[in-house]
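Hello,

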Amino acid sequence: MSRWSDVLGRLTVSRTVQRAREDSDQATRWGGTACSELTGRLRATVCGTVTTVTLRPRGDVPALEAELSDGTGTLVLVWLGRRSIVGVEPGARLRVEGFVACRDGRKMLYNPRYELAPRVGA
């Protein structure tokens, strides 16, 4: 049984690594700053793939959160006052721009400007 789990683990890791490389290459082509290079209080353009989208109210205000991955790290995007945004869904590729904030060890952009990109292979 452990042999099969080893094989499965290698396949999963290699697929994850491959996806990270694709995301990083796409982000470079779009001209974004790598998530790994982001610091707080910096205006940045970041390109990557949306991995999760969650509705998380902040007080009485709806807030849509999306996690963006570029292969080097992740960035949390927060749109205050929004319950959904057409096209912002897992698997979507985005270019976002705004001021980076660091909160609880997470890099975040509040109400970023965004542009949808064509999916890889489209």
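Let me start with a question: is Arg-43 buried, partly exposed or exposed? Arg-43 is partly exposed, because its relative accessible area is 42%, and the cut-offs are under 20% for buried and over 50% for exposed. Please keep in mind as you read that this is a predicted model.

Now to the partner of Arg-43. Its side chain meets that of Glu-97 in a salt bridge, with 3.1 Å from N to O. Side chains of opposite charge can pair when their charged atoms come close. This pair links distant parts of the chain: Arg-43 belongs to strand β1 and Glu-97 to strand β4 (residues 93-103), 54 residues apart. Glu-97 has a relative accessibility of 27%, so Glu-97 counts as partly exposed too.

Arg-95 is partly exposed at 28% relative accessibility, and Glu-115 is partly exposed with a relative accessible area of 40%.

Another salt bridge is formed by Glu-65 with Arg-56, where the closest N and O atoms are 3.3 Å apart. Which side of the cut-offs does each partner fall on? Glu-65 is buried, because its relative accessible area is 7% and buried means under 20%. Arg-56, at 42% relative accessibility, counts as partly exposed.

Finally, please find Cys-35, in the loop between α1 (2-30) and β1 (42-55). Is Cys-35 buried or exposed? With 1% relative accessibility, Cys-35 counts as buried. Leaving out residues up to four places away in sequence, Cys-35 touches Val-46, Leu-68, Asp-70, Thr-72, Gly-73, Thr-74, Leu-75 and Lys-107. Take Leu-68 from that list: Leu-68 and Cys-35 are 33 residues apart along the chain, and their C-alpha atoms are separated by 9.1 Å.

Happy exploring, and do write back with any questions!

Best wishes

Conventions: Residues numbered from 1 in each chain as written. Predicted model: local features only at pLDDT ≥ 70, side-chain atom pairs only at ≥ 80, totals over all residues. Heavy atoms only, no water. Helix = DSSP H or I, 4+ residues; strand = E, 2+ residues; numbered from the N terminus. Buried < 20%, exposed > 50% of the residue type's maximum accessible area, 1.4 Å probe, protein only. Contact = heavy atoms within 4.5 Å. Salt bridge = Lys/Arg side-chain N within 4 Å of Asp/Glu carboxyl O.
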